[in-house]
Amino acid sequence: SQLRLLTGVPFRLRLRPIAQGPFQAGLELQLAVGRERKPWAALLRDLRQGLLRQNLQEAPAELTAAAPGLRSQSLPAARFARDDGTVVGGWRWQSVGGGEPQLLLFLGPVPQGLTAPVPAQPGNGPLSLQLQPAGLSRLGLMPQGLPNLVRQAPLLQLSISPSDQPLSRLTGRLRLSVVR
């Protein structure tokens, strides 16, 4: 049921560079969950329990809002840290431009400020992913098992078409630079 919940909403996935601290990058998943938030509250409750079982510490409630206007009693934020106090992830609800609140899950430090809203209408087109493998490789964020041709490419675009079949159609485009 949680997988159906996650696959049925529009989302934005973002990898952001971090200049200093224990992480080189942070990962953000922003979900346009719509008006029905009870299933999301249940998912977050289960996620919270799992994180606490892994010996992560939950930050006090007054410290979870990273920007003005993000705190809410009915849509609580959470952040989790290791024993040494390093924040490793969490979530918050945010409302941008008076629209429905959206759920932002993050790995790494708490994102600062608001992010642009995800359009609330799901698309029925392909899921598109764009990577910059050369830049990610310089940061040590690409898997070592990939061919050098892929790891050194300036751009990799992948597209997954929706399908009712067990396997979806995956296509891709790799942009290479000419070396002279």
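Me: Buried or exposed: what is E28?
Reply: Buried. In this predicted model, E28 has a relative accessible area of 4%. That falls under the 20% cut-off, so E28 counts as buried.

Me: Which salt bridge does E28 form with the closest N and O atoms 2.4 Å apart?
Reply: The one with R16. E28 lies in strand 2 and R16 in strand 1, so the pair ties together parts that are 12 residues apart in sequence.

Me: Is R16 buried or exposed?
Reply: Buried. Both R16 and E28 are.

Me: And which partner of E28 sits at 3.4 Å?
Reply: R14. R14 counts as partly exposed, at 40% relative accessibility.

Me: Which residues do shared partners join into one network?
Reply: R14, R16 and E28, through their salt bridges.

Me: How many salt bridges in the whole structure?
Reply: The search finds 6. One of them pairs the side chains of D84 and R82, 3.5 Å from N to O.

Me: How covered is that pair? Is D84 buried or exposed?
Reply: D84 is exposed, with a relative accessible area of 56%. R82 is partly exposed, at 35%.

Me: Back to E28. What does T115 touch?
Reply: E28, Q30, Q94 and V96, leaving out residues up to four places away in sequence. The C-alpha atoms of T115 and E28 are separated by 9.9 Å, and the two residues are 87 apart along the chain.

Me: Where is T115 found?
Reply: In the loop between strand 6 and strand 7 (127–131). T115 has a relative accessible area of 13%, under the 20% limit, so T115 is buried.

Me: New topic, the core. Which members of the largest nonpolar core touch the most others?
Reply: L31, W40, L44, W91, W93 and L103. This core has 17 residues.

Me: Which elements supply at least two residues each?
Reply: Helix 2 (38–53), strand 4 (78–81), strand 5 (87–94) and strand 6 (102–107). Helix 2 gives the most, with 4 residues.

Me: Let's zoom in on W91. What does W91 touch?
Reply: Not counting residues up to four places away, W91 touches L44, L47, R48, L51, P76, A77, A78, F80, L103, L104, L105 and F106. W91 counts as buried, at 5% relative accessibility.

Me: How many aromatic pairs are there?
Reply: The count comes to 1. F80 and W91 form a tilted pair, 5.6 Å centre to centre, with 45° between the planes.

Me: Now the whole chain. What pattern does the protein chain follow?
Reply: Read along the sequence, α-β-β-α-β-β-β-β-β-α-α-β-β. That is 4 helices and 9 strands.

Me: What share of residues count as buried?
Reply: 32% of the 180 residues. The protein chain exposes about 12,100 Å², with carbon and sulfur atoms supplying 54% of that area.

Me: And contacts: what share join residues at least 24 apart?
Reply: 45%, among contacts between residues at least 6 apart in sequence.

Conventions
Residues numbered from 1 in each chain as written. Predicted model: local features only at pLDDT ≥ 70, side-chain atom pairs only at ≥ 80, totals over all residues. Heavy atoms only, no water. Core = buried A, V, L, I, M, F, W, Y, C linked by side-chain atoms within 4.5 Å. Buried < 20%, exposed > 50% of the residue type's maximum accessible area, 1.4 Å probe, protein only. Contact = heavy atoms within 4.5 Å. Phe/Tyr/Trp six-rings, centres within 6.5 Å; stacked < 30°, edge-to-face > 60°. Areas by Shrake-Rupley, 256 points an atom, 1.4 Å probe, with all protein chains shown as cover. Salt bridge = Lys/Arg side-chain N within 4 Å of Asp/Glu carboxyl O.
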